[in-house]
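Today I want to look up aromatic rings that pair with each other. A pair of aromatic rings is described by the distance of the centres and the angle of the planes, so those are the two things I'll note down.

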Amino acid sequence: MGRIEWNDTLRMDVEPIDSQHKELIRIANGLINAVSLGRDTRTLENVIRRLREYTVFHFHEEEALMERLRYEHRVEHAHEHIRLKENVKQCQRLIYRKEELTPEAVLDFMKHWLLHHILESDLQFARFVHRRRQEGLQDAAPGSAASGGS
C-alpha cells in the first residue's frame, strides 16, 4: 500500500509548522496502514480521532501565527481550514457508519486533503513569512515567538 512521504517540496522552513506537517503525515500514514490491514472499527475510530484532534491543533497554531504576522490571506486560509476539518469529519462518519473504506480511497483522500493544502496554501503563507523575515520584522525571525522558537 502506498504511503505519503515527507520531502523537500513540502518543507516551508517555518517552525513549528514543518514539524506539525510531519506529524500529520505520520498520523495519515497510520490511517492508511490501519485501513489496508483491515483493522477493526475501534482502531480506525481511534486513528481518525487522533487525526481530527491533531488537525484542529495544527490549524489553530497556524492561524495564530498568521494573525500575529498579519498575513493578508488569513481569512481565506481559515475558511479553507474549516472545509478541510469538515472533510476529516466526513471520513470519520464513514468509519462510524462502518462503510467500507479502501486503502486506495484513504490514500487519495489524504493526498488531496493534506498535500494539496500544504503545496498550495501553506507554501503561499511560507513565502509571506520569508518576505517578512527579509524585511527584518522581528515577529517573523527564526527563533521568535511567532516562528515557534524560544
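Here are my notes on ring pairs, one entry at a time.

**Entry 1: the count.** I'm working with a predicted model. How many aromatic pairs are there? The count comes to 5.

**Entry 2: Tyr54 and Phe57.** I looked up this pair and got ring centres 5.4 Å apart, with the planes at 55°. Why is the pair called tilted? Stacked needs planes under 30 degrees apart and edge-to-face needs over 60, so an angle of 55° leaves tilted. Next I checked where the two sit: Tyr54 and Phe57 are both in helix H2, which covers residues 41–69. They are 3 residues apart there, so about one helical turn separates them.

Buried or exposed? For Tyr54 I read a relative accessible area of 12%, so Tyr54 is buried. Phe57 comes out at 37%, so I put Phe57 down as partly exposed.

**Entry 3: Phe125 and Phe128.** Here the ring centres are 6.4 Å apart and the planes are at 20°. The cut-off for stacked is under 30 degrees, so this pair is stacked. Both residues belong to helix H4 (residues 103–134), 3 residues apart, about one turn of the helix.

Phe125 has a relative accessible area of 0%, so Phe125 is buried. Phe128 is at 5%, and Phe128 counts as buried as well.

**Entry 4: a cluster.** Which residues do ring pairs link into a cluster? I found Tyr71, Phe125 and Phe128.

Notes:
Residues are numbered from 1 along each chain as its sequence is written. This is a predicted model: local features need pLDDT of at least 70, side-chain atom pairs count only at pLDDT 80 or more; totals for chains, interfaces and linings use all residues. Side-chain values use heavy atoms; hydrogens and water are left out. Rings of Phe, Tyr and Trp (its six-membered ring) pair if their centres lie within 6.5 Å; planes under 30 degrees apart count as stacked, over 60 as edge-to-face and the rest as tilted. Helices (H or I, at least four residues) and strands (E, at least two) are DSSP runs, numbered from the N terminus. Buried means under 20% relative accessible area, exposed over 50%, partly exposed in between (1.4 Å probe, protein chains only).
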